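Open the model in your viewer and keep the selection panel at hand. The tour goes from one selection to the next.

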Amino acid sequence: MNVLELQHLKKHYATHKAVDDISFSIPKGSIFGLLGPNGAGKTTLLRMITGIIYPDAGDILFDGRPFDPHNDIQYIGYMPEERGLYKKMKVGEQAMYLAQLKGLSAHEARQRIDYWFNKFEITSWTNKKIEELSKGMQQKVQFISTVMHQPKLLILDEPFSGLDPINSQLIQDEIFQLAKSGTTIIFSTHRMEQVEEICDHIVLVNKGKKVLDGPVKQIRQDFKHHLFRISLASMPNPAQMATHHFEIVKQHENGYTVKINEYSQTNDILAHFIHHGIQVTYFEEILPTIHEVFIQQVKITDLEAAVN
Amino acid sequence: MNKIWIIIKREYLTRVRKKSFIVTTLLLPVLFAAMVILPGLLINSDNNEKIAVIDESGYFAGKLPDEKGIQYKFVDAKLDTFKKTYRDQGYTGLLHIPKLDINRLPAIVYYSKGQMPFTLRGSMEKRLESVVEDKRMELAGVDKSKLEEIRADISIDNLAGDDERKGSTVAAYIIGWFAGFLIYIVLLVFGMMVMRGVMEEKTNRIAEVMVSSVKPFQLMMGKIVGIAGVGLTQFLIWVGLLVGIYTLLLPLILGTDMSAASVATQPGMTAATKDMAQKIASFTGSVNWFSIVSLFLFYFLGGYLFYAALFAAVGSLVNEDPNDAQSLTFPITLPVIVAMVIMIQAVVNPTSQLAVWGSIIPFTSPVVMMARIPYGVPGTVPLWQLGLSMFSLIAGFLVTTWVAAKIYRTGILMYGKKVTLGEVGKWIFRKS
């Protein structure tokens, strides 16, 4: 079942089309990556999903029903890229304030705050002012106030910016934990290695349009160049390398990068070396990283846009 | 609990709990009192002139008595030499009256180190004139005492309205000035407070987090109402202090309670305190405090709401650059300042065209109307004017709030770009 479905969403501003006919759907419990270069329309998209702005056309379905910002907003947690807290407010008061604005009673909010502050080991900061905290610490408070009301849909825009590796890991673990317990997560970032690590599904947008949509594994398969990395115990002489199964793309110190020919199987490559009595020490298919797919696709759509 | 109520509570509590709020609330009345009392004390103590007089005419000897802060001393000396030494002998100035024909006065010269003080010139000229006038009367054969009898001294008692209340123009003037000025300060101070609050939310990127929980309009109104609460609290504390001083402290100082009847009959008071008490009693008795205070509250809130929304809109347009704030607030502060200028006229001339229209148009009405009200409702301010003024202020603040909400909604989420007035205009007329 899909927690969120966008159908032909459009948002036009005077000078440009920020979001131009985008559709996709997000299954419950998935970690969904929303990718795109700066100015692609991600923030506009997220603001529509969070009910901050309204689409010019198209529909948003939340939990199978038409999205009603007024009521559904309490089931959504949004941590925008541009985020901040009241500098002069105490950490505890700030968390309480944001929790109550999400519809929690003071009592509930108190319990959740205790739970999360304990979990993140920040109980001792409760009476500190936000401005006394480091940026990373503020980020933790911000994260807590985003998830405190147990949203069905959690939207995180660059959640790791400003965090050290330890705290990044802490938040990342928390994201997995939440996903496991059924929270759907939209994750927007520029850091592609994190996307591969965290997301199971991505959408790539550029210039207001959807470029790609699918599971991360599937996308890497779809864009693969049929390349393999093979390491050998001893390098063969060039005469031994003649074959119709693959072409050598690159020679390494202890092996090759090869491209497999259309009708050949991976075992054909291995058989070739075995046949010549050469020991294979390592063999793996080279799949494109999301980073490579991203750059390639963005370039293509930019070119198309330039031609049109 | 309603979200807007949560916002109001935060905006109110964070401000009221601040030390600066408590300090200004308690200190401002003291400063104000000092502002009123100090100049009075200074004027009375300032002059300390010791003036040497060389009177070659002989008309003035013994006719220039000392007065407060001015001492005349006749010296018998030559001008040429004395002019060089009078300062060494402890005189602050030297007045030289040459030989003169009483009907054709020559120039009289005053020598001093610096410029002659304004008040000294006035009082010295008056003294000299009266001596000359007396002399001329004597020469013309006019009996001075007869003339004194002829002279009349008239003071008008003003009974205003159908109930012929004894009004006090002075009281109305002072209260009008004070109330108008207070509203002027309120509009600027609390308007700026709203603006700074909005700017804080925008530049610290809090707005973006907030609008995913509440509507921008709730955020804006919560702030405006919360700060209105802060202003009201401050005002009520001041009223409380004033009433406290009036009912507890004054009787303690003057040794009597303040109702006019008891002032008149109280035995055993010195003439001075009796006079003082009577003055205060007639001052406070001459105006309708209930209507002034309740209308003050109305214009205080109405004017604040009218302008606060505009200040919020401006705050939402400002980016990091504080210069932006200055140039953007100018169009809003200008009418407030204009209101102040009209108010200064209105408090002298409460029924002039300028005062009447200034007190009806909502941009200026809160300040200007408060200057007119102490002169009497419905006497000086007819009920239709008051009604029209109140109605247009309410309508006005609904319009400014509506306009401001449109600007605010877009403005708080706009970063980096400097917006032009043209764009802002488009936001106002754009549908959501």
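Predicted model: local features only at pLDDT ≥ 70, side-chain atom pairs only at ≥ 80, totals over all residues.

One pair to pick out is A:Glu247, whose bridge partner in β13(A) is A:Lys259. Now look at the link between the strands: β12(A) and β13(A) form a hairpin, with two residues between them.

**Stop two: a covered helix**

Next, select helix α3 (residues 91-101) of chain A. Nine of its eleven residues are buried, so the helix is mostly covered. Among the buried residues are A:Val91, A:Met96, A:Tyr97 and A:Leu101.

What do the buried residues of α3(A) pack against? Show α4 (106-119) and α5 (135-147) of chain A, then α1 (3-16) of chain B: the buried residues pack against these helices.

**Stop three: where the chains touch**

Finally, display both chains. In chain B, 16 residues are in contact with 18 residues of chain A. On the side of chain B that touches chain A, α1 and α7 (206-210) of chain B each supply at least two residues. α1(B) gives the most, with four residues. Colour this side of chain B by residue type to see seven nonpolar, five polar and four charged residues.

Technical notes: Residues numbered from 1 in each chain as written. Chains lettered and ligands numbered in written order. Pairing = 2+ DSSP bridges. Buried ≥ 20, exposed ≤ 12 C-beta atoms within 10 Å, placed from the backbone. Contact = placed C-beta atoms within 7 Å. Nonpolar A, V, L, I, M, F, W, Y, C, P; charged D, E, K, R; others polar.
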